[in-house]
Amino acid sequence: MNTKLLTIALTTLTVSTFAELSVDEIVNKANQAAYYAGQDGRAEVEMNIIDKDGGTRTRKFALLRMNTDGGNQKFYVYFKEPADLYKQVFLVWKNVEGNDSRWMWLPALNLKREIAPGDKRTSFVGSDFVYEDVSGRNLNEDTHELVETTDTQYVIKNTPKNPGDVEFSYYTVKIDKDTFLPRQAEYYDKNGKLYRTVEATKTETIQGFPTVTESVVKDLKTGGSTINKFSNIEYNIGLKENIFTERFLRRPPREVTR
Amino acid sequence: MNKIGQISLVCLILSTNVFALDTELHGFVDARAGTRTQNDPHEDDRSLTESRLQLDSLTYIGQYTVQARADFVYDDLATKRNKVDLENGDGFVDLRELNVLFTPIDIVDMKVGRQILTWGTGDLLFINDLFPKDWNSFLLGRDEEYLKAPSDAIFASLFPAIGTIDIAYTPRMDADRYVDGRRISYWNGTGLVGQNAVVDADRQDEWFQDHEIAVRFYRPLLSYEAALYAYHGFWKSPTGFDTSTGNAYFPLLNAYGGSIKGSLGKAIVNTEAGYYDSREDRSGTDPFVPNSELRVLAGYQREVAKNTTAAMQYYAEWMMDYDGYKSGVPSGTARDEVRHVLTLRLTKMMMNQNLILGLFTFYSPSDNDAYFRPNVTYKLDDHWQLTANGNLFIGEDKHTFFGQFERDSNINLGVRYSF
């Protein structure tokens, strides 16, 4: 190999290691930290949906996730509560390049029902979280701008490329410098008014992966909020990809039923 | 031991399990009342007055999962309230599921016992799904889950690399819980009848002789799921007439078909076809046995606005040997050679998905009839749910598929507590 080229390559590498990260590198690392930790993982989730009067609805589910090729992922969500969702399964094949494939398994009917690709900003199981909060918003949907760097955090402003597709005009995300976990997102409506926040209120390092163990979303317009608590988190549990098929809708795996 | 004894035993085992084994127990209490929207000379004005307790238990014993799910019913309109018949769901117990699920070898799953079976791609339209349905529950407005009646079957799934093979073996035929006149009036070939002409069909009930075998093979095909189906058994409702006994019965049927389902852009599309080989009347000349038919459907579903989904289907039944059929029915009451049906399902979710509005419409341009199923569900909290729904039929003629049920049109209210 040409030594000159090698020298240039090495120099570039060294420079970029010491230089401030570019905004794309930051959002990429944050996306990895928030949604792709490990090759696969599991967690138990307790979701409390609290309306403005304090009325609470609770969903409990076990969640399996697996990273597949090209940044795609598969999710298996097994509901334990409330009783009318008991044993239902929500299966997602996240497709970064196109529409996600989604199915519901309805055990009383022994039926796998495919869900039409929909608006990703609709509520996830009736909570204040939207579908996109759970599976991750595609980075290509927004332009990213580093608006502030503090001692501990990067602040990124994200502006949608297709403003007509979403209810916000932009949102900001504060990302921890040490872990790259997004800690707080603030959504501004078309009039520039803050109307929604998503916050990682508790984090922990599990098997070396910085992990959000509690997150809270607040809808400032309705006064409602939803708290997600994660427990029994494990990474790299060796899931097989066939877990995310009809076979295991009919026979939920031990990883979720236990 | 009599059936009631057996049930008590099951309940006992269920309740002991809760304390001794690794068991989950859930269920609901559901009360429903409904009324006909018009007078029916052959039926009660009330369409539903009932309450039920469903207990659903799941028990893990080593590699085995045992599921037991039963409804304990008080049905004020039932005539045989104390006579439990687990086949047609009569009486105060309806055993929905009692099965064991296990994996004998790595590439095989087995579910043995009473279970709910479903396959195919239609939405409330069934071509290759020849598992038992409960049409009375469906037309009277019980929860949609009751459209599926249980099968007593061995269900095996095989997972070779080329795809998945499902085999359902029902050693003794499980018929539909068909419209028999007790609760729903119907067209009997010459007029509208109900409780004055209850059908009590002869059941083919020889174990391992009057059996049903249903097979499905499915696999991914590009980004779609493709499936092939075969069925060997019986017409599921008593569409045959035995002239020697003067009674209705279930004629022999084979069926073969295929389907494809998947997403196309922002929509889910599906298509399915099946050929019904009416084995006792392949020439189509016997007026007492239904003719063979080709059935097809195509569906399209998409989100039309935030929280609003629309799904459309086209469905057709094409009767083979139509001339033979036509000469065997009273003039003016023959169906068309091809019966066309269009369906539209609209679903809107509101108030954080706690209020769900739905309308399912069947419309047949060839029969000039229609069936509307409006439904409103409101979840008050994690336990309580209110439901209102309707089953409204209109038709130009009394003898058509939906038109015959015009006087069965009903509306009802339900309340459910889930735990």
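Guide: Let's start with A:Arg258, which sits in the segment after helix H5 (254-257) of chain A; helices here are DSSP runs of H or I with at least four residues, strands are E runs of at least two, and both are numbered from the N terminus. This is a predicted model, in which local features need pLDDT of at least 70 and side-chain atom pairs count only at pLDDT 80 or more, while totals for chains, interfaces and linings use all residues. Residues are numbered from 1 along each chain as its sequence is written, chains are lettered from A and ligands numbered from 1 in the order in which they are written, and side-chain values use heavy atoms, with hydrogens and water left out.

A:Arg258 counts as partly exposed because its relative accessibility is 35% (buried is under 20% relative accessible area, exposed over 50%, partly exposed in between, with a 1.4 Å probe and protein chains only). Leaving aside neighbours within four places in sequence, A:Arg258 is in contact with A:Arg42, A:Glu44 and A:Lys80, and also with B:Asp22 and B:Tyr60; contact means heavy atoms within 4.5 Å. A:Ala62 is 196 residues away from A:Arg258 in sequence, yet the C-alpha atoms are 9.0 Å apart in space.

Those chain B partners lead us to the interface. There, 49 residues of chain B are in contact with 36 residues of chain A. About 3600 Å² is buried between the two chains, with carbon and sulfur atoms giving 41% of that; buried area is the accessible area (1.4 Å probe) that two parts lose on being put together, summed over both. The rule finds seven salt bridges across the interface, a salt bridge being a side-chain nitrogen of Lys or Arg within 4 Å of a carboxyl oxygen of Asp or Glu. The side chains of A:Arg59 and B:Asp382 form a salt bridge at 3.2 Å, N to O. Strands of chain B that each supply at least two residues to the side touching chain A include S1 (22-36), S2 (46-61) and S16 (293-305). By class, that side of chain B has 20 charged, 15 polar and 14 nonpolar residues (Ala, Val, Leu, Ile, Met, Phe, Trp, Tyr, Cys and Pro count as nonpolar, Asp, Glu, Lys and Arg as charged, and the others, Gly among them, as polar).

How far to trust it? The predictor gives the complex an ipTM of 0.89 and a pTM of 0.90. Chain B averages a pLDDT of 93, and 95% of its residues score at least 70; pLDDT is the predictor's confidence in each residue, from 0 to 100.

For contrast, back in chain A, A:Tyr171 lies in strand S9 (residues 170-176) and counts as buried, because its relative accessibility is 9%. The side chain of A:Tyr171 makes a polar contact with that of A:Asp142 at 2.9 Å; a polar contact is a pair of N or O atoms within 3.5 Å, where within protein one must be able to donate a hydrogen and the other to accept it, and residues adjacent in sequence count only if both atoms are side-chain atoms. A:Glu214, in strand S12 (residues 209-219) of chain A, is also buried, at 13% relative accessibility.
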